[in-house]
Amino acid sequence: MNDALAGADTVVIEDTKRWLQRAVIGLNLCPFAKAVDVKCQIHYAVSRCVGFKDLLADLHQELKGLVALTPAIRDTTLLIAPDALAEFLEFNDFLAQANRLLAKLGYGGVFQIASLHPLYEFADSQSDDIANFTNRSPYPTLHILREASIDRAVKAFPHAESIFQTNIDTMERMGRAGWDALDVGASLHGKIAL
C-alpha cells in the first residue's frame, strides 16, 4: 500500500471514529456501542474496491476475520467503502448481495449486517427527513454484528424496542443545525481520486 493510500485510509477511519464518538455514542443512538468501543472490540476495515464483486470479496475476508476471533477480541467490524456505493440505491442493491453472501457462507443467524450510508433514507421518507440521519455515516459502511452479541445486549437493555423512536425524537429535537454542528461528515482528504 502506498503512503497516500495508507494516509487516506487513516483519515477514513478517523472520520468514522469521530462519527461514532460524537453521533452514535454521543447521542446514544446505539446504547450498545459504547461498551464495545471502550473495550476496543471494534475492527475498522477500509475497502478501496469500487465494484460489487471485489467489495463482496473484501466482505468475505472480514467475515472470516471476525469468525476467527472471539468477541472479547473483536466483537464487531465496520467495513468502510469510501470509493464505492456513492448512490444509496446502489448501496441497497449491494446490501442484498451482501446478505446473500452471508447465507451462502452459512453465517445466517451468526452475523447480520447493519447498513450505514451518507445518504441513508428509510423507506417512505423524504431525503431531508431528519430521522434518516440516525443511519448516516461519513462513508458507505457495512456494520457486521454478531447475532449472539445483539441478543445479549438486548436482554441487558430494558425496552430495546423503544430505541428507534427514541433516536427519532433525539434527531427531531436537535434538528439539522444540531446535526451539522456535530461535524461528523467525511473529510475532504478521505477519498482517493480514481
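This is a predicted model: local features need pLDDT of at least 70, side-chain atom pairs count only at pLDDT 80 or more; totals for chains, interfaces and linings use all residues.
Four strands make up an open sheet, and their order across it is E1-E2-E4-E3, with mixed pairing. The edges are taken by strand E1, which covers residues 42-46, and by strand E3; each of these has a single partner strand, so one side of each is left without a neighbour in the sheet. From one strand to the next, the twist averages 20°.

Strands E3 and E4 run antiparallel and are joined by 6 bridges. Within this part of the sheet, Ala114 stands opposite His143, a residue of E4. Helix H4, made of residues 88-104, packs on the sheet, where it touches both E3 and E4, and the direction of the helix makes about 170° with that of E3.

## Helix H4

Helix H4 contains 17 residues, and the span from its first C-alpha to its last is 24 Å, which is close to the 24 Å expected at 1.5 Å a residue. After the helix comes Gly106, a residue with a positive phi, near 80°.

## Asn135 in the loop between E3 and E4

The loop that lies between strand E3 (111-116) and strand E4 (141-146) includes Asn135. Is Asn135 buried or exposed? Its relative accessibility is 19%, and because buried means under 20%, Asn135 counts as buried.

The surroundings of Asn135 can be described at two distances along the sequence. The side chain of Asn135 is joined to that of Thr134 by a polar contact of 3.0 Å. If the neighbours within four places in sequence are left aside, Asn135 is in contact with Ser115, Leu116, His117, Tyr120 and Phe122.

Key: Residues are numbered from 1 along each chain as its sequence is written. Side-chain values use heavy atoms; hydrogens and water are left out. Helices (H or I, at least four residues) and strands (E, at least two) are DSSP runs, numbered from the N terminus. Buried means under 20% relative accessible area, exposed over 50%, partly exposed in between (1.4 Å probe, protein chains only). A polar contact is a pair of N or O atoms within 3.5 Å; within protein, one must be able to donate a hydrogen and the other to accept it, and residues adjacent in sequence count only if both atoms are side-chain atoms. Contact means heavy atoms within 4.5 Å. Two strands pair if DSSP finds at least two bridges between them. Axes are lines fitted to C-alpha atoms, for helices over the stretch in contact, and angles run from 0 to 180 degrees between N-to-C directions. The expected span of a helix is 1.5 Å times one less than its number of residues.
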